[in-house]
Amino acid sequence: MLSRYERRELSRPPRQHERTLTKMLPPRAYSEPLPVVAPGPAQVAVDRRPVLLLAVAPADVDRFNNSRFTRLSAQNTADAVRSIERSRPRVVAIDIDLPQFDSGAIHTAAHQTGHTRVLVLTDSPERVPAALKAGCHGVLLKPFAPNLVAARLGRLVRETLLTPMARRAAAVLLQHGTNRTWPDTACPTCGNMGAVSFEFSSYRRMWYACLQCDGVWLGPRQE
Ligand SMILES: [Zn+2]
């Protein structure tokens with residue numbers, strides 16, 4: 001026999017923060033819906049799309065051809081930092097394999113806006129622990145599919161719109177952007193607990209990093 005309170009809890013529609021939570025978890029990079037672009041009125045004078053700052057090789061700019069964003073491109077670190085201060089982008093994508101971009105300086109500038117998310121691109125998983133320590137919110141291992149870029153960007157932007165309640169829930173789950181800390185997962189090299197997962201490699205495996213010894217490895221997928 002259910003109490004009155006239990007009956008009411010079972011019959012009420014989900015509250016806003018519960019819906020946000022369900023949408024946010026678990027992190028399924030491969031099943032995320034692509035962002036929906038609603039056609040706006042034709043006479044819009046101001047471009048209100050969120051800004052995406054690209055600190056990537058010129059040949060890679062078109063990989064971020066997502067109509068939800070106004071794209072800006074940076075040539076070097078000074079250029080990127082200036083653009084971040086001036087345009088306060090929603091997301092900065094940095095290719096940390098390129099010597100002209102100082103990942104630490106760009107991370108610092110992005111964190112100072114208070115709302116900019118950082119997506120790091122690299123073809124060496126070994127570089128990821130340093131980026132995680134710098135505070136990146138997402139990682140894409142090269143080469144990546146264009147639809148994965150769109151899904152990852154959409155997810156980082158949705159996160160900036162979370163309610164304070166959903167933000168606290170994410171903190172409890174040790175979720176930082178699309179990276180997540182697993183308190184019971186140990187590093188196979190140094191045995192330190194609290195591995196951080198940063199990318200899926202398939203439906204069954206994902207990449208982990210150890211922030212103690214900077215090791216990276218492929219382990220079973222957890223959700
Ligand atoms: Zn380790």
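This is a predicted model: local features need pLDDT of at least 70, side-chain atom pairs count only at pLDDT 80 or more; totals for chains, interfaces and linings use all residues.

Trainee: OK. How many helices and strands are in the chain?

Mentor: The chain has seven helices and ten strands. Both are DSSP runs numbered from the N terminus: helices are H or I with at least four residues, strands are E with at least two.

Trainee: And what percentage of the residues counts as buried?

Mentor: Of the 223 residues, 28% are buried. Buried means that 20 or more other C-beta atoms lie within 10 Å of the residue's own; exposed means 12 or fewer, partly exposed is in between, and the C-beta atoms are placed from the backbone.

Trainee: Sheets next. In what order do the strands of the parallel one come?

Mentor: The order is β2-β1-β3-β4-β5, in an open sheet of five strands. Strands count as paired if DSSP finds at least two bridges between them.

Trainee: Which strands stand at the edges there?

Mentor: β2 (70–73) and β5 (138–141) do; each has a single partner strand, so one side of each has no neighbour in the sheet. On average, neighbouring strands of this sheet are turned by 20° against each other, direction ignored. Axes here are lines fitted to C-alpha atoms, for helices over the stretch in contact, and angles run from 0 to 180 degrees between N-to-C directions.

Trainee: What about β1, is it enclosed or open?

Mentor: Four of its five residues are buried, so β1 is largely enclosed by the rest of the structure. β1 pairs with β2 in the parallel sense over four bridges, and L54 stands opposite S73 in β2. The pairing of β1 with β3 is also parallel, over four bridges, with V92 in β3 as the bridge partner of L53.

Trainee: V92 is in β3. What stands opposite V92 in β4?

Mentor: V118 does. Strands β3 (residues 91–95) and β4 (residues 117–122) run parallel and are joined by five bridges.

Trainee: Which helix packs on that sheet?

Mentor: α3 (residues 77–87) packs on the sheet and touches β1 (51–55), β2 and β3; the direction of α3 makes about 175° with that of β1. Contact means that the C-beta atoms of two residues, placed from the backbone, lie within 7 Å.

Trainee: Which residues of α3 are buried?

Mentor: A80, S83 and I84. They cover an arc of only 100° around the axis, so they are on the same side of α3. The arc is that of the directions from the helix axis to the C-beta atoms.

Trainee: What covers them, and what is on the other face?

Mentor: The cover includes β1, β2, β3 and α4 (103–113). The face of α3 turned away from the buried side carries the exposed residues A78, R82, E85 and R86. After α3 comes R88, which has a positive phi near 40°.

Trainee: Now the other sheet. Is the pairing parallel or antiparallel?

Mentor: Antiparallel, in an open sheet of five strands ordered β6-β7-β8-β9-β10. Its edge strands are β6 (175–176) and β10 (216–220), each pairing on one side only.

Trainee: How many residues lie between the strands in the hairpin of β9 and β10?

Mentor: Six, and D214 in that hairpin takes a positive phi near 65°. Strand β9 (residues 205–209) pairs with β10 over five bridges, and A209 stands opposite V216 in β10.

Technical notes:
Residues are numbered from 1 along each chain as its sequence is written.
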